[in-house]
Amino acid sequence: MIFFRLLRFFFGSVDFTACNGFPERFINICALRKIPLRDLKCCNGVLSGNTTIRGYKEMRPAAKKSGMCMRIKRKRGLPFFTRANKKRAGFLAGFILLVLSVSLLSSVIWSIDVVGNEKISDEEILEIFEDLGVHIGAAKISLNVESILDTVLESTDRITWASLNIDGSSAIIEVRERLVPSRKIQDEAPCNVVASCDGQIEILEAFNGTAEIAVGDGVQRGDLLVSGVIENKDLSSSLCHADAYVVAMTEHKFIAEGMSTRTVKKITDEKTQYTLCFLWFKIPIGIHRAQPEEYTVYESSKWLCANGKKLPLGITRRQFIRLTETETSLSQEELFLDTAEQLMKASSEGLILTEATKQTIKTDIGDTAIHMEIMVNCRENISDTAEIEIGDISSPIIQEQSD
Amino acid sequence: MAKSNRRRNGNDKVYTMAEKLSDGLELPIESLPGTSHIELCGNKQAIVGGCKGILEYDENIIRFNTGRLIVRVIGSDLCIRAYQDEEAVICGNIISVDFSS
């Protein structure tokens, strides 16, 4: 129905009334002459209805024949509007400007979103694509998506796959980062079990391989605990993937120091500048003066959104902050708490998956400094695998033996 | 007897031919010329096809000439939404539709 309403609006229509005479004869004559009649109502001999502009002009003789007196009740539609405002050039100029604005704005990119990235930041990816012409305000027709993606994959090896989808005026960049697998010793590869730190063996269970130490032995970091070389019954040797559960009593020491006077950076001056952004236009709000290099610049942008879509209109805020190093002094209590916090943090990070059996804290408080250390005795699994490197058959040692 | 009575009236002869054609060729009768077609949508709208002319038009009663029959639509707030090319769309509160010759 809205389609017909639009047609009526564009071509114009006339609401009329006709009284006196013979309404039925009038309607029959109009139907015979193929004059379109709509929304006819007859009440107490007064006929009202709607017809086209041309139909109204052709209706006059039919009205005269049937003795009806016709009057226009209302004129509707674009033809009447344009005729009434023919001399007003502003309407036409505004309409042309509207059409140009809509066509121009719909042909450029308003917003760019980046999805799929985890380690690489959005700004880095946007910078890569910006160098290839993908930025806010870029004309969609000028972008050759295939060549852009090929260039992106060639320029960086951190991205294995990329796609650029332009949905209306929004561009969506989807990337997949390259994953570097961590080096892991295969389950079947021959290896030894070595000590990961110094300690005294408490529990030793060799699941595979030959144990080289016994319970109660002291070991240092890197010492061989379980060998992956097995001696067979025929006195030959073979390699295996050694596996063991080795628990030892270890000792860890953590130190933290603090000074009562320390240098901190304080904000001594702050200035803010705002810029209105619309596509590629940047209009400064207020007076923007160039700031000295000693100022640190922080920039953030906020964009208008409509129905979840980012519009190309926003404000960029640039904050210029000057940081000056100053010396501050802490009280004894503050210094003690700060140093203790550092010590606890270091010890908790260093002792993961261990069972602490005893800890000794030593504190040395001076006038301007404090020294704290903690000695932790703990029980932990010190087994670590070390791959056995298999030598080449053409090595000099093997050749001497064959001679 | 009924067939011979029909043949006497000139108008009926055409309609009878249309009936014969629709029966023989299994065509829908409304596709043949000279037949009227009325479609009712509840009691709010009626579409009358094959309307030759309007005999009476008021907000409570509308009478159509469909050639062989005269259709009378009785109701309230009746209006002709569109009337063009022998087709009329009637809207309003339709109480009854009756036929007379």
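A: Let's start with one term: a residue counts as buried under 20% relative accessible area, as exposed over 50%, and as partly exposed in between. Please keep in mind that the model we are reading is predicted.

Q: Thanks! Let me try that on Phe9(A): which class does Phe9(A) belong to, and what is its relative accessible area?

A: Phe9(A) has a relative accessible area of 43%, so it is partly exposed. Phe10(A) also falls in the partly exposed class, because its relative accessibility is 47%.

Q: How do I read a pair of aromatic rings?

A: Two values describe such a pair: the distance of the ring centres and the angle of the planes. In this structure there are 3 aromatic pairs over all chains. In one of them, Phe3(A) and Phe4(A), the centres are 5.8 Å apart and the planes stand at 65°, so the pair is edge-to-face. The cut-off behind that label is an angle over 60 degrees.

Q: Which arrangement do Phe9(A) and Phe10(A) form?

A: Phe9(A) and Phe10(A) are edge-to-face too, at 5.6 Å centre to centre with 70° between the planes.

Q: Are Arg8(A) and Asp39(A) buried, exposed or partly exposed?

A: With a relative accessible area of 29%, Arg8(A) is partly exposed. Asp39(A), at 30%, counts as partly exposed as well.

Q: What is the closest N to O distance between Glu124(A) and Arg158(A)?

A: For the salt bridge of Glu124(A) with Arg158(A), that distance is 2.4 Å. Glu124(A) belongs to helix 6 (residues 122–130) of chain A, while Arg158(A) is in the loop between helix 7 (145–155) and strand 6 (159–167) of chain A, so the pair ties together parts that are 34 residues apart in sequence. Relative accessible area puts Glu124(A) at 34%, which means partly exposed. Arg158(A) is partly exposed at 40%. There is also a network: salt bridges that share partners join Arg8(A), Asp39(A) and Arg81(B).

Q: That last one reaches into chain B. How is the size of an interface often given?

A: It is often given as the accessible area lost when the parts come together. Chain B and chain A bury about 1,300 Å² between them, with 52% of it on carbon and sulfur atoms. In terms of contacts, 14 residues of chain B meet 15 residues of chain A.

Q: How many salt bridges are there between chain B and chain A?

A: The count is 2. In one of them, Lys34(A) pairs with Asp85(B), and the closest N and O atoms are 3.8 Å apart. Lys34(A) lies in the loop between helix 2 and strand 2 of chain A, and Asp85(B) in the loop between strand 5 (70–84) and strand 6 (87–100) of chain B. Lys34(A) is exposed, because its relative accessible area is 56%.

Q: Which residues does Glu24(A) touch, beyond those up to four places away in sequence?

A: Glu24(A) touches Ile54(B), Leu55(B), Glu56(B) and Tyr57(B). Its place is in helix 2 (residues 23–32) of chain A, and at 17% relative accessibility it counts as buried.

Q: Finally, which elements of chain A give two or more residues to the nonpolar patch?

A: The patch has about 850 Å² of accessible area together, and its members include Tyr274(A), Phe278(A), Trp280(A) and Ile315(A). Strand 16 (261–278), strand 17 (281–285) and strand 19 (309–329) each give two or more residues to it. Phe278(A), in strand 16, is partly exposed at 30%. By contrast, Thr275(A) is also in strand 16 but is buried at 13%. The C-alpha atoms of Thr275(A) and Ile315(A) are separated by 5.6 Å, although the two are 40 residues apart along the chain. Contacts of Thr275(A) beyond four places in sequence include Ile283(A), Ile285(A) and Ile315(A).

Terms used
Residues are numbered from 1 along each chain as its sequence is written. Chains are lettered from A and ligands numbered from 1 in the order in which they are written. This is a predicted model: local features need pLDDT of at least 70, side-chain atom pairs count only at pLDDT 80 or more; totals for chains, interfaces and linings use all residues. Side-chain values use heavy atoms; hydrogens and water are left out. Rings of Phe, Tyr and Trp (its six-membered ring) pair if their centres lie within 6.5 Å; planes under 30 degrees apart count as stacked, over 60 as edge-to-face and the rest as tilted. Buried means under 20% relative accessible area, exposed over 50%, partly exposed in between (1.4 Å probe, protein chains only). Patches are made of residues with over 30% relative accessible area and no salt bridge: like charges are joined within 9 Å, nonpolar side chains (Val, Leu, Ile, Met, Phe, Trp, Tyr) within 5 Å. Accessible areas come from the Shrake-Rupley method with a 1.4 Å probe; for residues, only the protein chains shown count as cover. A salt bridge is a side-chain nitrogen of Lys or Arg within 4 Å of a carboxyl oxygen of Asp or Glu. Helices (H or I, at least four residues) and strands (E, at least two) are DSSP runs, numbered from the N terminus. Contact means heavy atoms within 4.5 Å. Buried area is the accessible area (1.4 Å probe) that two parts lose on being put together, summed over both.
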